[in-house]
Amino acid sequence: MSEAPFRYSPGDVVRVRTGPPEPHCRTPFYLRGQIGVIAGIAGRYRDPSLMAFHKPGLPERALYRVEFRHHDIWQTEAGPDRIMADLYEHWLDPATRETPDAP
Amino acid sequence: MPHDHDHDDHAPIEDAGAGEDELLEIAIRELLIEKGVLTAAQVNGQIDAMDSRTPALGAQVIARAWCDADFRAGLIAAPLQTIQATFGMNMSTPLELVILENTPQVHNVVVCTLCSCYPRMLLGIPPAWYKATAYRSRVVVEPRAVLDEFGLTLPPEVEVRVSDSTADLRYLVVPMRPGGTEGWPEDRLAALVSRDSMIGTAVPSVP
């Protein structure tokens, strides 16, 4: 399998796609449409949405650790808390964030 | 016979018979064995391997990380390889382990909101609450309230970082070494490291 370069690097701002629906999807609903920052590249893994149906899960998907601000997701008062999730590249679009990171 | 004795508060010894899921498991297992795909010994071997993994393994790893800076650096850079090379336990898995270090500024807590992903290779079977909808849904929404219920109240300036293991990574929290344990041997330190402190719903303390 040819390996495409990783599309995102740590620090890049991304928005989680809202769909399309995918069986055995590993992108939680509460993060869809949310803006986060790439915290790290986790590597390439077989696609679990295909492996769940006994397919080889190829090509492998790039996986990232993505950091979200708790208050962005739940519309609460700004605070230090963060949520980290592991998301596959095909669920992420480039984005910009209007409010800079809280200290 | 008169009812003149007490009953201990234990689960019934005889269960009520197999439920639908259990019957399905038995049917599939027996078919796989009958068709020669698996042997009964392999099934039992796998159960034994799973049962042999307990939080004591994880606690041993944490205690070593507290005492040995080189081990800690290796653990962070290549967790499974370092654990296998140091302790000899077989860590071969397609999954990757990620080490989350607690600091005075950041407290980590782990969840799998989608199912029950858990670092079984080091901690064994997850506790029932880890798989419960209440924990899985609430800890990402109100982590501080959930931690309060576990008896862990964190100052507002400490970042609570919830890691949702949604895919191929598994997370192990390295708690901070409690004060007053200078010079303790590793086995005494390991006894302070609870399962929950490696999930992030507790922190070790000196009794």
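In which loop does A:Ala52 lie? In this predicted model, residues are numbered from 1 along each chain as its sequence is written, and chains are lettered from A and ligands numbered from 1 in the order in which they are written. Local features need pLDDT of at least 70 and side-chain atom pairs count only at pLDDT 80 or more, whereas totals for chains, interfaces and linings use all residues. A:Ala52 is located in the loop between helix H1 (48-51) and E3 of chain A; helices (H or I, at least four residues) and strands (E, at least two) are DSSP runs, numbered from the N terminus.

The model scores ipTM 0.91 and pTM 0.87. For chain B the average pLDDT (the predictor's confidence in each residue, from 0 to 100) is 92, and 92% of the residues score at least 70. An assignment of domains, automatic or taken from a database, divides chain B into domain 1 (20-50) and domain 2 (54-199). The C-alpha centres of domain 1 of chain B and domain 2 of chain B are 31 Å apart.

Chain A contains 2 helices and 5 strands, which follow one another from the N terminus as β-β-α-β-α-β-β. Along the principal axes, its C-alpha atoms fill a box of roughly 45 × 25 × 20 Å. Of the 103 residues in chain A, 28% are buried. A residue is classed as buried if 20 or more other C-beta atoms lie within 10 Å of its own, as exposed if 12 or fewer do, and as partly exposed in between, with C-beta atoms placed from the backbone. Contacts are counted where the C-beta atoms of two residues, placed from the backbone, lie within 7 Å. Among contacts in chain A between residues at least 6 apart in sequence, 59% join residues at least 24 apart.

An open sheet of 7 strands spans both chains, in the order E5(A)-E1(A)-E2(A)-E3(A)-E4(A)-E3(B)-E2(B), with mixed pairing. Its edge strands, each of which pairs on one side only, are strand E5 (92-94) of chain A and strand E2 (106-111) of chain B. On average, neighbouring strands of this sheet are turned by 35° against each other, direction ignored. Two strands are taken to pair if DSSP finds at least two bridges between them.

Strand E1 (residues 13-16) of chain A pairs with E5(A) in the antiparallel sense over 3 bridges, and A:Val16 has A:Leu92 in E5(A) as its bridge partner. Strand E3 (residues 61-69) of chain A is largely enclosed by the rest of the structure, because 8 of its 9 residues are buried. E3(A) pairs with E2(A) in the antiparallel sense over 7 bridges, and A:Ile41 stands opposite A:Tyr64 in E3(A). The pairing of E3(A) with E4(A) is antiparallel, over 7 bridges; here A:Arg65 stands opposite A:Asp86 in E4(A).

Between the chains, 19 residues of chain A are in contact with 18 residues of chain B. On the side of chain A that touches chain B, strand E2 (35-45) and strand E4 (82-88) of chain A each supply at least two residues. E4(A) gives the most, with 7 residues. The residues on this side of chain A comprise 13 nonpolar, 2 polar and 4 charged, where Ala, Val, Leu, Ile, Met, Phe, Trp, Tyr, Cys and Pro count as nonpolar, Asp, Glu, Lys and Arg as charged, and the others, Gly among them, as polar. E4(A) runs parallel to strand E3 (residues 159-164) of chain B and is joined to it by 4 bridges. A:Ile83 stands opposite B:Val162 in E3(B). Helix H8 (residues 133-141) of chain B lies across E4 of chain A together with E2 and E3 of chain B, at about 150° to E2(B). Axes are lines fitted to C-alpha atoms, for helices over the stretch in contact, and angles run from 0 to 180 degrees between N-to-C directions.

Leaving aside neighbours within four places in sequence, A:Ala52 is in contact with A:Pro23 and A:His24. The C-alpha atoms of A:Ala52 and A:His24 are separated by 6.5 Å, although the residues are 28 apart along the chain. A:His54 lies in the loop between H1 and E3 of chain A and has a positive phi of about 65° although it is not a glycine. A:His54 counts as exposed, with 7 C-beta neighbours inside 10 Å. A:Pro59 is also found in the loop between H1 and E3 of chain A, and the peptide bond from A:Leu58 to A:Pro59 is cis, with omega near 0°.
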